[in-house]
Amino acid sequence: MAEEIYEAPQITVLGDLTDMTQAGKPGVYFDMPGASEGSKTLPPPGTPGTGTS
Amino acid sequence: MRPGPRERAWFARDIVTSVDSTGERVLLHLPSGTYLGLDRSAATIVDLLNESPDERQAASALVEKFGIPYERALGDVGAVVAAVQGLTAQRVNRGRRPTVAGVRVVALSWWRLSWSYKWTAILATGVMVVVEVGLKLVGLSRLARWMGVPLATDQTVPPVAGPDDLGILTGSEERAYWALGWVLARWLYDGTCLRRALALGWFLRRRGPVLRLGMIDGVGPVAHAWIEIEGRAFNSQPVRGTFSLGAPDFGS
């Protein structure tokens, strides 16, 4: 069994909570059932709110 | 990245950890809202400090485990404490500036909704304003508690990803669910999972929801937030593990 080697600890900053907690379903466009504007229609890229969910 | 104040007291309750898709430990410092990546040595020291906040005791444990000089161990422990408490990530995403044309489109879209959805969308907008202000001014633990969806920090099995089960919701709750999605799709900031979880948690607060965080499986350093109610997850995604207090036990 290999002996565990100790090295100087390394800590890296990955990101801010609000920026990094953003996983989801890219491009999913939420709309309400029966909305008259055309629900479930995918908006063009860059439309506000569609980058992540 | 900017250094913050170096307070040397270690509070285990301020720290939750998980692993990313590569198996690397990730720490979330709750007061500063900063995600940090830990190598194996740093993770070991964090675990020792979570067991006992005494730096000398942690250094002695390092000496015993790895056979390194005590002074080096004590220096490394101090460096980890300073880094965890002092490193702070700057928020990058500052949202979009509304335009007259954009406001007009959103207003027209809102006007076409039924009256019940109109009012619910206004309420959802107000909740999102509270969430936005809260994310800027207070720590996540406090904000989540205020919203009625406290952050769960116990170790648990990640939920199975799948569509949300709306069958358990009442009519008004389901209307809030959709209205919130409508608002988030038009929000000035990205409609991220964290914003959705906090706001949806508020609408469903009478059911005793909890907020959970985890690292998304297979796509780099991206975290996910979701809520769980009565054992059911809303907006679940495949995550490697959930953020929890203490040393994680990931099984695989």
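## Reading sheets, domains and a chain contact

Tutor: Let's start where the two chains meet: β1(A) and β4(B) pair over five bridges, in the antiparallel sense. Keep in mind that this is a predicted model.

Student: What holds strands of a sheet together in general, and which residue does A:V13 stand opposite here?

Tutor: The general idea is that strands pair through backbone hydrogen bonds, and the pairing can be parallel or antiparallel. In this case, look across from A:V13 and you'll find B:L36 in β4(B).

Student: What is the strand order in the sheet that holds β1(A)?

Tutor: Read across the sheet from one side to the other: β1(A)-β4(B)-β3(B)-β2(B). It's an open sheet of four strands with antiparallel pairing.

Student: Which strands are the edges of that sheet?

Tutor: To find an edge, look for a strand that pairs on one side only. Here those are β1 (11-16) of chain A and β2 of chain B. On average, neighbouring strands in this sheet are turned by 30° against each other, direction ignored.

Student: How many bridges join β3(B) to β4(B)?

Tutor: Five, and the two strands run antiparallel, with β4 covering residues 34-38 of chain B. If you want one pair to click on, take B:R25, whose bridge partner in β4(B) is B:L38.

Student: Which helix lies across this sheet?

Tutor: That's helix α1 (residues 40-51) of chain B. It lies across β1 of chain A as well as β2, β3 and β4 of chain B, and runs at about 115° to β4(B).

Student: How many residues does each chain give to the contact?

Tutor: To read a contact, take each side separately. Chain B gives 54 residues and chain A gives 33. On the chain B side, the residues touching chain A are 34 nonpolar, 12 polar and eight charged.

Student: Now for chain B itself: what are its domains?

Tutor: The domain assignment has domain 1 at 2-88 and domain 2 at 100-242. Their C-alpha centres lie 31 Å apart. They do touch: the contact takes 11 residues from domain 1 of chain B and 15 residues from domain 2 of chain B.

Student: Which element gives the most to the domain 1 side?

Tutor: β2(B), with three residues. The elements giving two or more residues to that side are β2 (15-19) and β3 (25-29) of chain B. By type, the domain 1 side splits into seven nonpolar, three polar and one charged.

Student: Is helix α4 of chain B buried or in the open?

Tutor: Count buried residues, meaning those with 20 or more other C-beta atoms within 10 Å of their own. None of the 12 residues of α4(B) is buried, so the helix lies largely in the open. Helix α4 (residues 100-111) of chain B reaches 16 Å from its first C-alpha to its last, close to the 16 Å expected at 1.5 Å a residue.

Student: What is the order of the sheet that holds β8 and β9 of chain B?

Tutor: This open sheet of four strands reads β8-β7-β6-β9 in chain B, with antiparallel pairing. Its edges are β8 (232-234) and β9 (239-242) of chain B, and neighbouring strands are turned by 40° against each other on average, direction ignored.

Student: How many bridges join β6 to β7 of chain B?

Tutor: Six bridges join β6 (residues 210-216) to β7 (residues 223-229), and these strands of chain B run antiparallel. For one pair, B:M215 has B:A223 in β7(B) as its bridge partner. Finally, helix α8 (residues 193-203) of chain B lies across β6, β7 and β8 of chain B, at about 20° to β7(B).

Definitions and conventions:
Residues are numbered from 1 along each chain as its sequence is written. Chains are lettered from A and ligands numbered from 1 in the order in which they are written. This is a predicted model: local features need pLDDT of at least 70, side-chain atom pairs count only at pLDDT 80 or more; totals for chains, interfaces and linings use all residues. Two strands pair if DSSP finds at least two bridges between them. Axes are lines fitted to C-alpha atoms, for helices over the stretch in contact, and angles run from 0 to 180 degrees between N-to-C directions. Two residues are in contact if their C-beta atoms, placed from the backbone, lie within 7 Å. Domain bounds come from an automatic or database domain assignment. Ala, Val, Leu, Ile, Met, Phe, Trp, Tyr, Cys and Pro count as nonpolar, Asp, Glu, Lys and Arg as charged, and the others, Gly among them, as polar. The expected span of a helix is 1.5 Å times one less than its number of residues.
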